[in-house]
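This report covers a predicted model. It starts at the ligand and then moves out to the fold.

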Amino acid sequence: MIRIRSENPSDITAIRYVNEQAFETNAEAVLVDRLRDKGVVTLSLVALEGDSIVGHILFTPVTIEADHAKYEAITLAPIAVMPARQRKGIGAGLIKYAFEQCRRLGHNVVVLIGHPEYYPRFGFVPAKPKGLTSEFEVPDEAWMVVELIDNALDGISGEVRFQPEFADAM
Ligand SMILES: CC(C)(COP(=O)(O)OP(=O)(O)OC[C@H]1O[C@@H](n2cnc3c(N)ncnc32)[C@H](O)[C@@H]1OP(=O)(O)O)[C@@H](O)C(=O)NCCC(=O)NCCS
């Protein structure tokens, strides 16, 4: 049985470990620590199997900068599931639970740079045709956005700027 809840301070070491195990380098683990230390975490959830943390998902604020306006949104990054626990629905569970929390918190636009085969099942679509560009050079198919309520992006377009810590992890 998988349980999902917000991270608490005693989870920090385990969250770092999950990110180190899931990714090829420790860049994502370092990124999570730096964003938390800076106090810019919108939402950080862990997935538990018994008492063990087997998955983690993080959201931080981004800005969408147009010529004469600035809009707030969030980005999903990173998401990590322990290699031995992957492909069992834990990632999907984290994303679905997180989206409910995001809506509750009033965040309705989520951008993401990620696997184009994985995220469309959660409603992500290519972000460029929606009028959003990324400050980072990324393949069009990896640059995605989801509107958590209908028409959340109406009237909004521009370049998405991430927390500066992301530049070191790209
Ligand atoms: C991506 C990740 C979080 C998904 O979590 P998960 O618990 O394995 O995913 P789920 O069980 O919910 O979904 C499994 C599905 O995701 C797909 N999937 C998993 N990783 C994928 C990847 N890297 N690319 C494409 N599809 C992927 C599988 O094909 C599977 O699809 P299927 O059920 O149709 O076979 C996990 O695989 C992971 O930690 N990967 C390493 C870190 C990473 O790449 N994070 C994302 C950065 S964008």
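Which element gives the largest share of the shell around the ligand? Strand S4 does, with four residues. In total, 17 residues surround the ligand. Gln86, Gly91, Ala92, Gly114 and His115 are the closest. By class, the shell divides as follows.

| Class in the ligand shell | Residues |
|---|---|
| Nonpolar | nine residues |
| Polar | five residues |

Within H1 (residues 12-22), the buried residues are Ile15, Val18, Asn19 and Ala22. They lie on the same side of H1, because they cover an arc of only 95° around the axis.

Now the whole chain. It holds four helices and nine strands. Read from the N terminus, the order is β-α-α-β-β-β-α-β-β-β-β-β-α. Of the 170 residues, 32% are buried. Take the contacts between residues at least 6 apart in sequence: 66% of them join residues at least 24 apart.

Overall dimensions come last. Along the principal axes, the C-alpha atoms fill a box of roughly 50 × 30 × 30 Å. The radius of gyration is 15 Å. A compact globule with 170 residues would have a value near 15 Å, so the chain agrees with that expectation.

Methods. Residues are numbered from 1 along each chain as its sequence is written. This is a predicted model: local features need pLDDT of at least 70, side-chain atom pairs count only at pLDDT 80 or more; totals for chains, interfaces and linings use all residues. A residue is buried if 20 or more other C-beta atoms lie within 10 Å of its own, exposed if 12 or fewer, and partly exposed in between; C-beta atoms are placed from the backbone. Helices (H or I, at least four residues) and strands (E, at least two) are DSSP runs, numbered from the N terminus. The arc is that of the directions from the helix axis to the C-beta atoms. The radius of gyration is taken over C-alpha atoms; the globule rule is 2.2 Å times the number of residues to the power 0.38. Two residues are in contact if their C-beta atoms, placed from the backbone, lie within 7 Å. A residue is near a molecule or strand if its C-beta atom, placed from the backbone, lies within 6 Å of it. Ala, Val, Leu, Ile, Met, Phe, Trp, Tyr, Cys and Pro count as nonpolar, Asp, Glu, Lys and Arg as charged, and the others, Gly among them, as polar.
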